[in-house]
Amino acid sequence: MRTIITATLLVSSLAGCVVTSGNALVDAVGLVGSAASSVKAMTPNTTQNPIVYSKDPIREVCIEWNGSVALSDFVPGLQGELQKHGVQSRVYDAGTQALACPVTLSYVGYVKWDTKVFTDAYTPYLTYAALTLRRDGRVLGTAQYRLGSFGQDKWASAGDKLAPLIDALFPGNPIVADNSPDNMRSAANGF
């Protein structure tokens, strides 16, 4: 009971205003609902207008390098999400021929810089990304990400922001592996 009252007081001091009902259970349920809504609002947005022409499974993709996307975790995040779907990938330089790779993935991304809370250091973050999947030059699908209207997912990793796009572009490839850092640590420890 004391915990519920303390939590309610903390939330009221952070949010500015909380209406309490006098019933601790009702207050606790409202607090949990509010917390769940806040966590959901911080996750990356869903894919914007995905268009997919092929639902066949794809096992290998060549990623066309785009040097204008100045975000160090963009391509590793993209490759990690592809790997979760069982898709092997390699990167080739733009303007060169992707030899022995009929399926290619090109990308565009826009990056902005800002300071995180309690720091003075500027950090880049992804505001927009577009992926285009092609087989032998023919478009198989496209998907876009845009930063949420309230910027709730501003500091999410590039991989987290690209995950819904990869899910949309590879509907024939179910998720086969979760290579998130938490899961990798658990696997290494034998848990």
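## Burial and surface

Of the 191 residues in the protein chain, 31% count as buried. The model is predicted. The chain exposes about 11,700 Å².

Contacts tell another part of the story. Take those between residues at least 6 apart in sequence. Of these contacts, 67% join residues at least 24 apart.

## Helices and strands

How many helices and strands does the protein chain have? The secondary structure comes to five helices and six strands.

Their order along the sequence is α-α-β-β-α-β-β-β-β-α-α.

## From S4 to S5

Start with strand S4, residues 103-115. Its partner here is strand S5, residues 122-135. The two run antiparallel, and 13 bridges join them.

S4 and S5 form a hairpin with six residues between the strands. In this hairpin, phenylalanine 118 takes a positive phi near 70°.

## From S5 to S6

S5 is also joined to strand S6, residues 138-146. Which way do S5 and S6 run relative to each other, parallel or antiparallel? They run antiparallel, with eight bridges joining them. Leucine 133 stands opposite glycine 141 in S6.

S5 and S6 form a hairpin too, with two residues between them. Look in the turn for aspartate 136, which has a positive phi of about 50°.

## The disulfide

A disulfide is a covalent bond between the sulfur atoms of two cysteines. A search of the whole structure finds one. Which cysteines form the disulfide? The pair is cysteine 62 and cysteine 101, with sulfur atoms 2.1 Å apart. This pair links distant parts of the chain, 39 residues apart. Cysteine 62 lies in strand S2, residues 60-64. Cysteine 101 lies in the loop between strand S3, residues 88-92, and S4.

The link of cysteine 62 and cysteine 101 is right-handed, with 120° about the S-S bond. Are these two cysteines buried or exposed? Both cysteine 62 and cysteine 101 are buried.

Key: Residues numbered from 1 in each chain as written. Predicted model: local features only at pLDDT ≥ 70, side-chain atom pairs only at ≥ 80, totals over all residues. Heavy atoms only, no water. Pairing = 2+ DSSP bridges. Helix = DSSP H or I, 4+ residues; strand = E, 2+ residues; numbered from the N terminus. Disulfide = S-S within 2.5 Å. Buried < 20%, exposed > 50% of the residue type's maximum accessible area, 1.4 Å probe, protein only. Contact = heavy atoms within 4.5 Å. Areas by Shrake-Rupley, 256 points an atom, 1.4 Å probe, with all protein chains shown as cover.
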